[in-house]
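Hi everyone, thanks for coming. I have one structure to walk you through today, so let me put it up on the screen.

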Amino acid sequence: MVLEDLTSLNFELANRRERFNLNRAKLVMEKIATFHAASAVLYKNDPSSMDLYKPSAVDGDEMTPLTFFFTVSMQETLETIRNSPDLQQWLPLLENYDIVGEEKKVFTRNDTDRLHVLNHGDLWINNIFFKSNDKGESVDSLLVGFACIFIVLN
């Protein structure tokens with residue numbers, strides 16, 4: 001484990017009660033894309049480099065705590081959308097989405113023709129630090145708190 005005071009590098013946690021603006025969302029997506037790409041190259045050059053990472057907590061056909069979490073989360077999300085007039089446009093996209101089935105597809109190592117990457121596994125606002133310029137605009141991000149799992153991307 002490596003610990004470093006990120007505030008000494010001018011990084012700070014975002015206020016978790018505020019939503020990300022587009023700039024911050026892009027910074028995070030760029031960082032996670034780089035993380036995925038680097039792990040894909042590492043895996044291609046040395047497949048044994050991923051042996052330490054579990055393939056999934058959603059393995060097999062049994063209902064695990066994680067599949068239960070996904071199922072309940074999706075049900076609650078759909079209920080929120082159904083009760084929110086401003087979100088109705090998203091309902092057709094999500095109503096028939098099989099979260100457990102989709103998660104099981106993502107978390108298999110058997111598909112050798114697909115891209116294998118490490119996934120952060122705990123990406124939320126308290127695991128993201130931002131650096132701002134003199135104008136207060138975010139210019140960089142750092143991801144911390146990795147709880148990595150090895151996944152397959154479509």
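Let's begin with the contacts: among those in the protein chain with a separation of 6 or more, 71% are between residues 24 or more positions apart. Contact here means heavy atoms within 4.5 Å. Before I go on, please keep in mind that this is a predicted model, where local features need pLDDT of at least 70, side-chain atom pairs count only at pLDDT 80 or more, and totals for chains, interfaces and linings use all residues. Residues are numbered from 1 along each chain as its sequence is written, and side-chain values use heavy atoms, with hydrogens and water left out.

Now the layout. The protein chain has four helices and five strands, and from the N terminus the order is β-α-α-α-α-β-β-β-β. Helices (H or I, at least four residues) and strands (E, at least two) are DSSP runs, numbered from the N terminus. Of the 154 residues, 27% count as buried; buried means under 20% relative accessible area, exposed over 50%, and partly exposed in between, with a 1.4 Å probe and protein chains only. The protein chain exposes about 10,900 Å², and carbon and sulfur atoms supply 54% of that. Those areas come from the Shrake-Rupley method with a 1.4 Å probe, and for residues only the protein chains shown count as cover.

On to strand β3, residues 128-132, where we find F129. With a relative accessibility of 17%, F129 counts as buried. What does F129 touch, leaving aside its neighbours within four places in sequence? Its contacts are L6, F11, E12, L13, D140, S141, L142 and V144. F129 and T7 are also worth a look: they sit 122 residues apart in sequence, with 9.1 Å from C-alpha to C-alpha.

The structure holds one aromatic pair. The partners are F20 and F130, edge-to-face, at 5.4 Å centre to centre and 90 degrees between the planes. F20 is in the loop between β1 (11-13) and α1 (22-45) while F130 is in strand β3, so the pair ties together parts that are 110 residues apart in sequence. For the cut-offs, rings of Phe, Tyr and Trp (its six-membered ring) pair if their centres lie within 6.5 Å; planes under 30 degrees apart count as stacked, over 60 as edge-to-face, and the rest as tilted. Buried or partly exposed, which is F130? F130 is buried, at 1% relative accessibility, whereas F20 is partly exposed at 32%.

D140 and K31 form it, with their closest N and O atoms 3.1 Å apart. D140 belongs to strand β4 (residues 138-143) and K31 to helix α1, so this pair links parts that are 109 residues apart in sequence. D140 is partly exposed at 26% relative accessibility, and K31 is partly exposed at 27%.

Helix α1 also contains Y43.

Note on methods
Salt bridge = Lys/Arg side-chain N within 4 Å of Asp/Glu carboxyl O.
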